[in-house]
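Please look over the structure shown here, with attention to the ligand and its surroundings.

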Amino acid sequence: MLIDDISAVAQEAGEIILSAHDLTVKSKPGTANFVTDYDIRVQRFLQEGLLAILPDAHFVGEENDCTDDVFHGYAFIVDPIDGTTNFIRDYRASSISIGLSLDGEIIMGVVYDPYRHELFTAEKGNGAFLNRQAIHVAANPLSNSIICLGTTSYDRSKTDLTFTLARRLFDAALDLRRSGSFALDACAVACGRADLAFEATLNPWDYAAVSCILQEAGGKMSQLDSTPIRLDRPGSIVCGSAIAYREFFDNEFWKIKHTPFS
Ligand code: 2AM
Ligand code: CA
């Protein structure tokens, strides 16, 4: 099956991450924005492996600035290492993220965490799985929720927005977490380890795969103003269990008033 073939490529790529040593690190535009020779190596491996499975598919990956057509036919939308800063520091919270779209709609998502040997998979209409066991979002109210945030450290113009929102949510919820890999945060929500995740700006390869996994696990995902996610440009993201996500919008947490970002 297609999803098994894609999963096998992701797991093989995980071995490259686990075998990494003597990294070469380069800065990308913005602050706290890095790429290593392994990001590029893993992406090359994925591109070759995935296009061997679906030769006619378009391919969008973080590390080749590729803006291929995601609206016609099949397209892989891939982050070879989500959580590059963690990878550089050997913090061991990074993942491989592979979304597959058909005519602009994500139909499959695979996220592999090589450190925990955890494989999250979903096919549209067929449910979501962690290591082939069905998963589902939790049912906690916001007051009992764990909330994952991304700090958009690469764009400091988003810092006030991020921390104002974080403070509001912290006051309303149980606690906050910051992993450094949005794909892992969203997978934590999908399998009920956390309840809500947000970040002020992400790229399609950060959320394409998990959008399918989360939806198939019974969760919801959109931009912070509740408009649909985009596959062709960056955007803000919030995702959660159906309950936490509804409370997030019912309480208008995202409307940051009395700040320059309202
Ligand atoms: P990355 O590690 O693949 O770059 C952490 O806050 C999250 O933001 C991670 O998922 C990280 O993905 C992502 N991220 C890091 N730099 C980014 C950038 N310049 N634009 C959008 N997302 C980024
Ligand atoms: Ca990346």
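The points below describe the ligand site and the pocket.

This is a predicted model in which local features need pLDDT of at least 70 and side-chain atom pairs count only at pLDDT 80 or more, while totals for chains, interfaces and linings use all residues. Residues are numbered from 1 along each chain as its sequence is written, chains are lettered from A and ligands numbered from 1 in the order in which they are written, and side-chain values use heavy atoms, with hydrogens and water left out.

**Shell around the ligand**
- Ligand 1 is surrounded by 15 residues (a heavy atom within 4 Å), and the closest are Asp-79, Asp-82, Gly-83, Thr-84 and Glu-199.
- Strands S4 (74–82) and S12 (196–202) each supply at least two residues of this shell (strands are DSSP runs of E, at least two residues, numbered from the N terminus), and S4 gives the largest share, three residues.

**Polar atoms beside the ligand**
- Polar side-chain atoms of Glu-62 and Tyr-154 each lie 3.2 Å from ligand 1, the former from an oxygen atom and the latter from a nitrogen atom.
- A polar side-chain atom of Asn-203 lies 3.1 Å from a nitrogen atom of ligand 1.

**Pocket**
- Ligand 1 sits in the largest pocket (more than half of its atoms lie within 2 Å of the pocket's grid points; a pocket is an open set of points on a 1 Å grid over the protein atoms alone, where a 1.4 Å probe fits, with protein on both sides within 12 Å along at least five of seven lines).

Terms used. Polar contact = N/O pair within 3.5 Å; in protein donor to acceptor, adjacent residues only side chain to side chain. 1 Å grid on protein atoms, 1.4 Å probe; cavity = no way out; pocket = protein on both sides within 12 Å on 5 of 7 lines; lining within 4 Å. Helix = DSSP H or I, 4+ residues; strand = E, 2+ residues; numbered from the N terminus.
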